[in-house]
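Subject: Handover of a structure and its findings

Dear colleague,

Please find the structure below, followed by an account of what was found in it. I would be grateful if you would read the two side by side.

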Amino acid sequence: MKTLIALLAISPAVALAHHGQDFLLNYDPEVPEVRHAVAFSAFEWSKQGGDDELSVEPGFMAGIAPGLAIGSTVRFADDGEDWAYSGVNPMIQYLLPIDSERWSFGVYAGYLFAEESDHAHGGTVHIHNPNPGGIDQGPDAPSGGGTTTHIHGGSGHGHTHSGIHRHGEDHFQLRLLAEARPWKDGRVIGNLIGIAAGGGDYAFGYSLGVRQQLTRAWAVGLEAIGDFNTHGEHEVVAGVYWTPVHACTLRLGAGTGIGAKGKDFALHTGVTVRF
């Protein structure tokens, strides 16, 4: 392990700027340079009522052209029964060629091929609401679309995921990425998120974050994610980020949900290694 860290520390890639995947809930616009890559993994444990949910999602992203990277993640989860493969998410990300030290913008697109999509499997039930008012709708929701809710547990109990938080069915995800560096060692980030699933279902949401570098190795931050719907699911996470060498960042965050659908508590961890 010491040898690996030493090699990463002297690699030419580490002399460059950030290569992306620096946050817990947000995607930052940066991508690896050509012939460089990042490997990353995220772990989440959440509790809602008497139910626990755990997931781990390793992945990679590799630069294939200036400002352009491709990659994939694979998700494994224990939704109250047993650990199982959940789905694979190939993705592509583009950093807009804007010459600015304060702003950066990007576009992310991915498609989740879910293991349990469109059928009940291992006690997992999908409930499709014929109401034409849109996903996760309330009185303020726009017209159009349908509603699809994913419930873990054949008895009707467990976690319910809809809106932008779904993971039990095939869907396309688009994120418009923006980052600002308005003050010394500070980063502010935002994602505009769109989800399109089968049958014309769609959902929109957001994620926001602020991160402040305290020392060369340590940073702290606050992040949030949620649906553009007052009846949707929202989460706020406080995080700490440790970069012992430029090639490696470790992330740890704890948070809670907001609203009736929010989680009681969530723990997030992650690691990013840059090559």
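Two strands are said to pair if DSSP finds at least two bridges between them. Strands themselves (E, at least two residues) are DSSP runs, numbered from the N terminus. This is a predicted model, in which local features need pLDDT of at least 70 and side-chain atom pairs count only at pLDDT 80 or more, while totals for chains, interfaces and linings use all residues. Residues are numbered from 1 along each chain as its sequence is written, and side-chain values use heavy atoms, with hydrogens and water left out.

**Strand β12 and its partners**

Strand β12 covers residues 218–227. Nine bridges link β12 to strand β13 (residues 234–245), and the two run antiparallel. Within this pairing, W218 stands opposite W242 of β13. Strand β11 (residues 202–213) also pairs with β12 in the antiparallel sense, over nine bridges. A hairpin of four residues connects β11 to β12, and Y206 has G226 in β12 as its bridge partner.

Seven of the 10 residues of β12 are buried, so this strand is largely enclosed by the rest of the structure. Here, buried means under 20% relative accessible area, exposed means over 50%, and partly exposed lies in between (1.4 Å probe, protein chains only).

**Nonpolar cores**

A nonpolar core is a set of buried Ala, Val, Leu, Ile, Met, Phe, Trp, Tyr and Cys residues joined through side-chain atoms within 4.5 Å. The largest one has 12 residues, among them F23, L25, I189, A219, I225 and V237. Strands β10 (186–197), β12 and β13 each contribute at least two residues to this core, and β10 gives the largest share, three residues. A second, separate core has 10 residues, including V31, V38, M61 and A69.

With contact taken as heavy atoms within 4.5 Å, L25 touches R175, S207, E223, A224, I225, E235, V237 and H268, leaving aside residues up to four places away in sequence.

**Rings and charges**

A charge sits over a ring if NZ of Lys or CZ of Arg is within 6 Å of the ring centre and within 35 degrees of the ring normal. The charged end of R175 is placed in this way over the ring of Y27, 4.5 Å from its centre.

With kind regards
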